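Welcome! Have a look at the sequence and the model, then read on.

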Amino acid sequence: MAARPRVGFLLGVIAAGLVLFLLPSAWLHARGVPYILCWIGGAIAFPLLPVGWHVWAERKRAKAAAVPTKGPVKPATSTLTPADRFTMRLILVAVVALGPLLFFRFGQTWRAVRDHGTWFVPEAPPAPRTFKGDQRVIAQVPGDAELVVWIRGIKELQGDMAKGDKGDRGARRDADQPDEALLAFRDGELMIVARGGKLDPSEKELAEMNQQLAKQAWMPVRGKLVARKRANGIAVIVTEGWVAAADDRDAGKGSGPTAIIERLNAAPTDAPVIAAASPSRPISGMTVNGAQSWLRISKTEIRIDGEIFVADKPAAAAVVAALRIGQKDLEGKVPGECKKAVTSLNARVMIDSGDTSVRISARWKPEEIGEAVMCGFAAAMKDAEWKEVE
C-alpha cells in the first residue's frame, strides 16, 4: 500500500508553487503584458512545467521497470522516493524560471511583487456614482422659472476634469467652491443657488458679476444681482426683479416649477449635471412644450443625452432641421484650423425625431473635447495679438 503524502510536503509544494507562479507573472504584469499572457507565463512556471515533467518522467520510469528481462537480473534500486524526485525537479524549474529575474532584475521583480502581487484576483467593478441633489436647493426656485440647470456634483466634476483617469483622488479642493449649484432663468431674470462653500459674496464681487453679465448677450438679464441670505448652508443670488418671488418661495408662500421638477426627477442618478426647461413662449418661432438633458462623465467618455418635446411630428421635423442648421452655422464660424476638430465633434452628435419629441445624444472622448477647446483658445489668442498689432 502506497504511503500517504505528508501534510508538510504538500504545504511546501503549495508554497513553492505560489512563488513560482507569482514572481514571473507579476513581473510580466508590471511590464504591461496582456492579462492572459501573464496567466500563461505564470502557469508554465507552475504547475505546467514541474508537474508535467514529473508525470512524464515517472511514467517513463514505470514503463522501463515493467519491461521483462532475460535471465537473472538484479532489479535497480533507488533511495529516492517520487516525492524526492518531484522536489528536485521543482528546484531545477525554479532555478531556470526565477534565476534570471532574481539575479538580473531583482529590483524590478521585488517592486512587481510588492505592487502587483494580487494582479490575478478579480476586482469588482466600481459602484456607479449617484447624485441625488439637496432638495433645499431646488426649493428656492420660483414657480415661473423656465429653465433650470442643476450641477449636483461639483467636487466630482472638478476631480474628473483635473485628474483625468485618476478621478478626484488627490485633486485639490477649493474651500470656496460649493458642493452643488443651480442656475434658474426666466425671461430676463436669473437666479443662482449654491450649497456649501463661500456663502456671502461681497459688494465688490456682486459688482464684478453684474459687470460680466452686462457684457454677454447669449443670456439677456434685466436688472442687477443681489444676494439673499438663507438658512442651512444655502446661498441665493438673484436679479432684483425676481427677489420677491424668490423670498416668497423660500417662505413657503409659492409653489415650485412643477413641470421642470418632474423632468429633473426623471434624470439618471449617475448624471452630475441635469437640466430641464418649460418655456412659456415660442423659441425661434417654434412652440416647445418642454425639454430635459443630462451630462455624464467617465474616464473614457463624455456623454450628453437630451430630449425636446413638441406638439406633433411636423414640429419635431422643424426642430431637427433647426438643430442641423445650427450645427452647420457653428462649423462655419470656427477658425479654419479648428474646423476639423469641431466637425469631428459634430459628427458624434446623433439627432433622432419621433412623433412628439426630438432626441439628442453625443458621445465624446475627453481628448476630443480638449483638442477643440485648446484650438479655440489658441485661435482667440492669435486674434487678440493681431488686434494689438493693428
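Predicted model: local features only at pLDDT ≥ 70, side-chain atom pairs only at ≥ 80, totals over all residues.

Helices and strands here are DSSP runs, of at least four residues for helices and at least two for strands, and they are numbered from the N terminus. The secondary structure of the protein comes to twelve helices and ten strands.

**The protein as a whole**

- The protein has 390 residues, and buried residues make up 32% of them.
- Among contacts in the protein with a separation of 6 or more, 62% are between residues 24 or more positions apart.

- Pro268 lies 27 residues from Leu295 in sequence, and the two are 9.6 Å apart in space, C-alpha to C-alpha.
- Leaving aside neighbours within four places in sequence, Pro268 is in contact with Arg152, Trp294 and Arg296.

**The nonpolar cores**

- In soluble globular proteins, nonpolar side chains tend to be buried together.
- The largest nonpolar core here has 23 residues, and those that touch the most other members are Val141, Val148, Leu182, Met191 and Leu264.
- Two or more residues of this core come from each of helix 5, strand 1, strand 2 (180-186), strand 3 (189-195), strand 5 (234-239), helix 8 (243-250), helix 9 (258-265) and strand 6.
- Strand 5 gives the most to this core, with three residues.
- Apart from this core lies another, of 16 residues, among them Ala316, Val319, Ala341 and Ala372.
- Which residues does Met191 touch, not counting residues up to four places away in sequence? They are Gln140, Val141, Pro142, Leu182, Leu183, Ala184, Val236, Ile237, Val238, Trp242 and Ala246.

**The largest pocket**

- Rolling a probe the size of a water molecule over the atoms shows where empty space is left.
- In this model, the largest pocket holds about 1,200 Å³ of space.
- The lining of the largest pocket is made of 31 residues, and the closest to its centre are Ile283, Ala291, Ile308, Leu323 and Ile360.
- The elements that give two or more residues to the lining are strand 1 (147-151), strand 6 (273-277), strand 7 (290-297), strand 8 (302-309), helix 10 (313-333) and strand 10 (357-364).
- Strand 8 gives the most to the lining of the largest pocket, with five residues.
- Sorted by class, the lining of the largest pocket has 21 nonpolar, five polar and five charged residues.

- Gln292 is found in strand 7, and it counts as buried because its relative accessible area is 12%, under the 20% cut-off.
- Gln292 touches Arg263, Ala275, Ala276, Asp305, Gly306, Glu307 and Phe309, if residues up to four places away in sequence are not counted.
- Asp134 sits in the loop between helix 4 (106-116) and helix 5 (135-138), and its relative accessibility of 17% makes it buried too.
- The side chains of Asp134 and Arg136 are joined by a polar contact of 2.6 Å.
- Not counting residues up to four places away in sequence, Asp134 touches Trp150, Glu180 and Arg195.

**Backbone details**

- Most residues other than glycine have a negative phi, and most peptide bonds are trans.
- Asp187 has a positive phi, near 35 degrees.
- Asp187 is placed in the loop between strand 2 and strand 3, where it counts as partly exposed at 34% relative accessibility.
- Asn232 also has a positive phi, near 65 degrees.
- Asn232 belongs to the loop between strand 4 (225-229) and strand 5. Is Asn232 buried or exposed? Asn232 is exposed, because its relative accessible area is 55%, over the 50% cut-off.
- The peptide bond from Phe46 to Pro47 is cis, with omega near 15 degrees, and Pro47 is found in helix 2 (residues 35-66).

**Another residue of helix 2**

- Leu37 has its place in helix 2 and is partly exposed, with a relative accessible area of 44%.
- Leu37 and Ser25 are twelve residues apart in sequence, and their C-alpha atoms are 8.5 Å apart in space.

Conventions
Residues numbered from 1 in each chain as written. Heavy atoms only, no water. Buried < 20%, exposed > 50% of the residue type's maximum accessible area, 1.4 Å probe, protein only. Polar contact = N/O pair within 3.5 Å; in protein donor to acceptor, adjacent residues only side chain to side chain. Contact = heavy atoms within 4.5 Å. 1 Å grid on protein atoms, 1.4 Å probe; cavity = no way out; pocket = protein on both sides within 12 Å on 5 of 7 lines; lining within 4 Å. Points joined across faces, edges and corners; volume = space filled by probe spheres on them. Nonpolar A, V, L, I, M, F, W, Y, C, P; charged D, E, K, R; others polar. Core = buried A, V, L, I, M, F, W, Y, C linked by side-chain atoms within 4.5 Å.
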